[in-house]
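Welcome! Please take a moment with the sequence and the model below, and then we can walk through them together.

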Amino acid sequence: MQEETKKASIADMLPDEDKLYELANLFKMFGDPTRAKILSCLQVRDMYVCEIAEALGMTVSAVSHQLRVLRGAKLVKGTKEGKEVKYSLDDDHVTKIMECGLAHVNEH
């Protein structure tokens, strides 16, 4: 009986299914090396698409595609400046996720 109570209380403490699904999808965004590189660039400073493309040796089209994916996941945001859009990390959480991930990778 006591074991059953422990299981129930642990299950009650878990985030709901929808939130766990969203979390899994969030981490999928970090699973692509190109997206991780773009996020790393934006940790250094806010940048235009052409600047990111040049820094990573990629086409503007390829970077734009990945930025759309990252924007959809609310990891980056764009601010229109004249005819161009300057991209930045969406908030401090993105920086923290990157920092924690790199710290973990560097430990091993």
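In what order do the elements of the chain run from the N terminus on? They follow the pattern α-α-α-β-α-α-β-β-α, and the chain has six helices and three strands. Please keep in mind that this is a predicted model.

**Overall form**

Let us begin with the whole chain. Along the principal axes, its C-alpha atoms fill a box of roughly 65 × 30 × 20 Å. The radius of gyration is 18 Å, whereas a compact globule of 108 residues would have one near 13 Å. Of the 108 residues, 21% count as buried. The chain exposes about 7,900 Å², and carbon and sulfur atoms supply 56% of that area. Among contacts with a separation of 6 or more, 51% come from residues 24 or more positions apart.

**Around Arg 45**

Now for a single residue. Arg 45 sits in the loop between helix H3 (33-44) and strand S1 (47-48). Its side chain is joined to the side chain of Glu 51 by a polar contact of 3.5 Å. Arg 45 and Tyr 87 are 42 residues apart along the chain, and their C-alpha atoms are separated by 9.0 Å. Arg 45 counts as partly exposed because its relative accessibility is 42%, which lies between the cut-offs of 20% and 50%.

**Cysteines and rings**

How many disulfides does the structure hold? The number is zero. Take Cys 50: the closest cysteine sulfur, in Cys 41, is 12 Å from its own sulfur, so the two are too far apart for a bond. A disulfide would need the sulfur atoms within 2.5 Å.

The count of aromatic pairs comes to one. In this pair, the ring centres of Phe 27 and Phe 30 are 6.4 Å apart and the planes meet at 50 degrees, so the pair is tilted.

| Residue | Relative accessibility | Class |
|---|---|---|
| Phe 27 | 46% | partly exposed |
| Phe 30 | 18% | buried |
| Cys 50 | 40% | partly exposed |
| Cys 100 | 55% | exposed |

Note on methods: Residues are numbered from 1 along each chain as its sequence is written. This is a predicted model: local features need pLDDT of at least 70, side-chain atom pairs count only at pLDDT 80 or more; totals for chains, interfaces and linings use all residues. Side-chain values use heavy atoms; hydrogens and water are left out. Helices (H or I, at least four residues) and strands (E, at least two) are DSSP runs, numbered from the N terminus. Buried means under 20% relative accessible area, exposed over 50%, partly exposed in between (1.4 Å probe, protein chains only). A polar contact is a pair of N or O atoms within 3.5 Å; within protein, one must be able to donate a hydrogen and the other to accept it, and residues adjacent in sequence count only if both atoms are side-chain atoms. Rings of Phe, Tyr and Trp (its six-membered ring) pair if their centres lie within 6.5 Å; planes under 30 degrees apart count as stacked, over 60 as edge-to-face and the rest as tilted. The radius of gyration is taken over C-alpha atoms; the globule rule is 2.2 Å times the number of residues to the power 0.38. Contact means heavy atoms within 4.5 Å. Accessible areas come from the Shrake-Rupley method with a 1.4 Å probe; for residues, only the protein chains shown count as cover.
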